[in-house]
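Please open the structure in a viewer and keep the selection tool at hand.

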Amino acid sequence: QHTPGTPPQQGRVPMIFGGIWGGVEIDMLHFYVVDFEAAISGSDYAIPTEVAVAKYSMRCGFDCSLYHEFIHPGRLDGEMAARAQFITMCQPPTGIPYKNFSLANYDYYAIWQEINEQLPPDTLIIAKAPKVEYQCLAWLAAQVDEPNPYTRIFDFKDLVIVMSELCGERATSDQADEILKSCKSFLYPDTRCHYHYDLLDDPDGHLFHCARRDVMAYCYALNHIVNKHFSKLVTEPLVEQDVLHS
C-alpha cells in the first residue's frame, strides 16, 4: 500500500508520471494539455486546422499565455476536400473553412517552433484524443522535415485512472468515462478563441468545436475532478472556475 499523493510502482502511474514527479505534490505538477481540430483525418493520419496548447497546474493555474493558432491544412482536392467540407459543418462542427480562410497560418516552421517552445519533448502531455493529436504533430513535423519528439501523449482517461490508483483504488474504464462527463460543464462560451467567439455569427456558436475552449475546459475540469473524486491527493481543496464564468 502506498501513501496517497506519491506514485506507487504499479499500473499506469510510472508510465505517465515516471521521470517528472520529483517529489512535487500532484497539484503542483505541470500538465501540458494539447488539442487539435483536424481538417481531415483517417486511420493513420490527421491534418490539423487549429491548435491550442496550455501549461497548467491544478494549484497555480495557467503558467503562461495559452498558445492558439489556426493552421492551413494544405491543398485538399477531390474526396479529401469533400470530407474536409463535411467536417467543417458536421455536428458538432469546427466552423473552420479548409480553404480560403484568412486566419489560417501557412508558416509551418513558425508554428512548429512555437509548439517546441511550449512543449518540452519529455514532458507529460494530456489530450482528449491522443491518436489525433499525435498524428497532427507528426504532420506538422513532416512539413518542416523534422522528427516528431512527442511520442508520450496520454488520454485524460489514463490520468483519471492514475489518480484513482494514487488514492488506493483503481477506477474501471467505465467509471473513468463517467467521471470525465463533468468536463462538458466547463465548456464556457467565453473561453472560445476570437474567431469562434466573435467572428462566427451564429446563435448556436457555442456548439462549434474550438481548440482553445476544449483545452481550457479540460484544465478546469482537473480541479473539479480532484476535489470531487480524489480529494485524498491534495492537502486542501483546489479553486474551481465556475464562479469566474457564471
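Begin with the lining of the second largest pocket, which by class comprises seven nonpolar, three polar and three charged residues. The model shown here is predicted. The space in this second largest pocket amounts to about 180 Å³. Select Glu37, Ala38, Ile87, Thr94 and His209 next: of the 13 lining residues, these are the closest to the centre of the pocket. Then display strand E1 (31–41) and helix H4 (130–143), each of which supplies at least two residues of the lining. E1 provides the largest share of that lining, four residues.

Proceed to the nonpolar interior. As a general background, nonpolar side chains in soluble globular proteins tend to be buried together. The largest nonpolar core here has 40 residues. Select Ile26, Phe31, Met58, Met163, Leu222, Ile225 and Phe230, the residues with the most contacts inside this core. At least two of its residues come from each of E1, strand E2 (46–57), helix H5 (156–166), helix H6 (173–180) and helix H8 (211–229). H8 contributes the largest share of this core, eleven residues. A second, separate core has 30 residues, including Val51, Tyr98, Leu119 and Ala127.

Finish with the cysteines. How many disulfides are there? The count is zero. Cys210 is in no disulfide, and the nearest cysteine sulfur, that of Cys193, lies 3.7 Å away, whereas a disulfide requires the sulfur atoms to be within 2.5 Å. Is Cys210 buried or exposed? Cys210 counts as buried because its relative accessibility is 0%.

How values were computed: Residues numbered from 1 in each chain as written. Predicted model: local features only at pLDDT ≥ 70, side-chain atom pairs only at ≥ 80, totals over all residues. Heavy atoms only, no water. Buried < 20%, exposed > 50% of the residue type's maximum accessible area, 1.4 Å probe, protein only. 1 Å grid on protein atoms, 1.4 Å probe; cavity = no way out; pocket = protein on both sides within 12 Å on 5 of 7 lines; lining within 4 Å. Points joined across faces, edges and corners; volume = space filled by probe spheres on them. Nonpolar A, V, L, I, M, F, W, Y, C, P; charged D, E, K, R; others polar. Core = buried A, V, L, I, M, F, W, Y, C linked by side-chain atoms within 4.5 Å.
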